[in-house]
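Hi everyone, thanks for having me.

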Amino acid sequence: MKAIILLATLKKEGLSNTEVLCEFLVEFLQKNNIDSEIVKLVNHNILPGTFTNMGQNDDWPKIFDKIKTSEIIIFASPIWWNHHSSELQKVIERLDEVHDEILAGKKSVLEGKVGGVVVTGDSDGAQSIIANVANFFSAIGIALPPMSTLTVIDELQAKSNQPTREELWKKYQKDYTETAQKMAINLKKFAKQKSSQ
């Protein structure tokens, strides 16, 4: 079983709270025999648009191929002004063609896949992001199982702070181990159910 995590941090360099949390989650996915890959979107040239293919020098088609070969798709984003990041919005826009095909009466190429959501921030806004992503998943044929979200809202992650990776990891281990484990188990359980239908 394979999972792809679309990491929507805005940071090309330096410590990313969301990236560390994704790495933390990957440990639990791997413990449940789920092969996982984190795709750091900001390091790829994803052209603006609403179609799968937008021309030359566009990395999105290769990323989309990875999505199609994964049973589990996880969106991971920091909170910016109560919303997901611009990097995740580009993903949503580029997946719009899947929705177009559904409206045209075709079967979704993502039907049977399950999704998860990872959110980090120092202020509230996670529920808004999860609701928006859940709605989008539903529209393109991805199922969001119960307890398949991992949210960390803490002042440690504030833009003005500069925690070390070790400090973040300690926080995540102390307070979010059980949540991450439940998320991994549920994603695997529901992905198996979907693949057997």
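Start with the open sheet: five strands in the order 2-1-3-4-5, paired in parallel. Strands here are DSSP E runs of at least two residues, helices are H or I runs of at least four, and both are numbered from the N terminus. Two strands pair if DSSP finds at least two bridges between them. At the edges stand strand 2 (35-40) and strand 5 (149-153); each has a single partner strand, so one side of each is left without a neighbour in the sheet. From one strand to the next, the twist averages 15 degrees. For angles, axes are lines fitted to C-alpha atoms, for helices over the stretch in contact, and the values run from 0 to 180 degrees between N-to-C directions.

A quick word on where this comes from. This is a predicted model, where local features need pLDDT of at least 70, side-chain atom pairs count only at pLDDT 80 or more, and totals for chains, interfaces and linings use all residues. Residues are numbered from 1 along each chain as its sequence is written, and side-chain values use heavy atoms, leaving out hydrogens and water.

Now zoom in on one pairing. Strand 3 (residues 72-78) and strand 4 (residues 114-121) run parallel over seven bridges, and Ser77 has Val119 in strand 4 as its bridge partner. Lying across strand 3, strand 4 and strand 5 is helix 5 (residues 126-140), at about 160 degrees to strand 4.

The core has 29 residues, and Leu6, Ile67, Phe75 and Leu95 have the most contacts inside it. By nonpolar core I mean buried Ala, Val, Leu, Ile, Met, Phe, Trp, Tyr and Cys residues joined through side-chain atoms within 4.5 Å. Buried is under 20% relative accessible area, exposed is over 50%, and partly exposed is in between, with a 1.4 Å probe and protein chains only. A second, separate core of 28 residues includes Leu7, Val20, Phe24 and Trp169.

Is Asn17 buried or exposed? Asn17 counts as buried, at 13% relative accessibility. Leaving aside residues up to four places away in sequence, Asn17 touches Thr120, Gln157, Pro163, Leu168 and Tyr172, where contact means heavy atoms within 4.5 Å.
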